[in-house]
Amino acid sequence: TKGGGTGGKPSKAGGVDEAKAALATKQVPLFSHLVQYEREAALSPAAIGRDIHPAVQCAGLQMAEGLLSGTNARVVAMLRALQAVARDFRCPAGKALSRELEGRIKLQIAHLHDCRPKSLAMGDAIKWLKLRVSQLPAHLPPDAAKRILCSQIDTYIDERIELADRAISESASAKIAPSDVVLVYGRSHVVEATLLHAAARGTDFSVVVIDGGPRFEGRAMLVRLVAAGIRCSYSLLHALSYTMPSVSKVLLGASSMLVNGTLVSRAGTALVAMAAHEHGVAVLVCCETYKFTERVLLDAICYNELGDPDALLQAADADQGGASLSDWRERPRLKLLNLMYDVTPMKYLTMVVTEAGVIPPTSVPVIIREDRDRAQLAGP
């Protein structure tokens with residue numbers, strides 16, 4: 001299955017057909033249009049004969065294994081890997097650098113997509129990179145043009161991600177008042193930086209970490225916050241209605257902000273935002289503007305990503321009489337669905353904290369338009 005594979009494939013045609021048939025029978029029909037997750041032995045064989053750069057192979061392996069899971073981490077790793085591709089590229093004599101390099105980059109991006117489907121923010125970063133490649137001055141020597149491109153990638157990472165995160169953490173931390181009870185969901189790098197920055201400023205507040213399976217990323221955030229001396233409590237998503245009445249603010253991370261003000265984030269975020277809205281609690285979304293996209297989604301069905309269904313399985317505890325579902329693929333009437341994202345409508349969000357300032361969700365298209373106009377003025 002395209003994009004779902006993460007390694008070697010059966011050597012015989014019959015084995016391939018049987019594997020595809022078995023995979024098709026376990027698909028959830030409502031999400032059968034999405035790239036189906038298919039975990040295989042290794043990723044290295046997928047790069048053989050495809051001229052994949054070692055840096056791209058390394059980034060792909062890390063993404064496929066979940067070592068790079070956040071949107072920022074994945075975008076930075078992708079851009080750094082493609083930067084290494086551009087730096088090491090040797091343009092054939094008599095060929096245009098921009099055209100030849102663009103073809104090489106497309107091959108690398110296809111490999112990364114095979115490792116794990118790209119997010120919306122990654123797609124926008126790829127568009128930006130391809131535009132910069134197409135605008136490379138044809139009159140410059142290849143080495144000089146490549147240095148320009150590498151410098152542009154460095155600037156993009158520094159300004160749109162790293163400096164943006166610092167600005168967001170400063171702005172969002174100013175919204176945390178003494179005695180506030182701040183609820184967070186899962187783990188977001190910029191949300192974690194915001195809470196640490198607020199604690200460093202001497203603000204006395206407490207944090208409720210709401211977490212959910214199968215990855216339970218909130219535990220890592222909990223460890224960091226407790227180590228910084230912040231009072232914390234930890235609960236799973238099913239206790240959200242119990243903890244929400246005592247909360248004064250909600251801080252959420254974002255995978256993308258859509259042009260209609262909809263938030264795309266890890267699965268479960270919409271439930272947190274809706275519960276906060278029901279209790280009259282302000283919901284602040286920390287999101288860099290490079291994650292703003294012109295795409296529109298009304299649900300989490302048309303666009304989503306399927307994770308490893310085996311990650312949903314909990315190890316059976318014999319002492320507690322737990323029943324194992326490790327043989328779920330052999331059970332004809334059982335299917336597992338591990339959705340990575342959900343969408344939160346604009347009406348459940350109070351404000352969006354960006355490096356450009358604190359804005360309402362209705363102003364997202366304004367930021368997108370200004371960013372596009374600024375890019376056009378910048379030119380090649």
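Mentor: One term before we start: two strands count as paired if DSSP finds at least two bridges between them. Keep in mind, too, that this is a predicted model.

Trainee: Got it. So what's the strand order in the open sheet of seven strands?

Mentor: Reading across, the order is E3-E2-E1-E4-E7-E10-E11. The pairing in this sheet is mixed.

Trainee: And which strands stand at the edges?

Mentor: Those are E3, residues 231-236, and E11, residues 357-359. Each has a single partner strand, so one side of each lacks a neighbour in the sheet.

Trainee: How much twist is there from one strand to the next?

Mentor: The average is 25°.

Trainee: Let's look at the E11 end. How many bridges join E10 to E11?

Mentor: Three, and the two strands run antiparallel, with E10 covering residues 351-354. If you want a pair to click on, threonine 354 sits opposite glycine 357 in E11.

Trainee: Nice. Which strands does helix H7 touch as it packs on the sheet?

Mentor: Helix H7, residues 142-173, touches E7 (282-286) and E10, and the direction of H7 makes about 135° with that of E10. H11 packs on this sheet as well, touching E1 (181-185), E4 (249-252) and E7. The angle between the directions of H11 and E4 is about 160°.

Trainee: How do E5 and E6 run?

Mentor: They run antiparallel, with two bridges joining E5 (residues 256-258) to E6 (residues 263-266). Serine 256 faces valine 264 of E6 across that pairing.

Trainee: Now the helices. Which residues of H3 are buried?

Mentor: In H3, residues 54-64, they are Val56, Ala59, Gly60, Met63 and Ala64. Seen down the H3 axis, those residues fall within an arc of 130°, so they line one face of the helix.

Trainee: Why would residues three or four places apart point the same way?

Mentor: Because an α-helix has 3.6 residues a turn.

Trainee: What covers the buried residues of H3?

Mentor: The cover includes helices H4 (71-88), H5 (97-115) and H6 (120-134).

Key. Residues are numbered from 1 along each chain as its sequence is written. This is a predicted model: local features need pLDDT of at least 70, side-chain atom pairs count only at pLDDT 80 or more; totals for chains, interfaces and linings use all residues. Side-chain values use heavy atoms; hydrogens and water are left out. Helices (H or I, at least four residues) and strands (E, at least two) are DSSP runs, numbered from the N terminus. Axes are lines fitted to C-alpha atoms, for helices over the stretch in contact, and angles run from 0 to 180 degrees between N-to-C directions. Contact means heavy atoms within 4.5 Å. Buried means under 20% relative accessible area, exposed over 50%, partly exposed in between (1.4 Å probe, protein chains only). The arc is that of the directions from the helix axis to the C-beta atoms.
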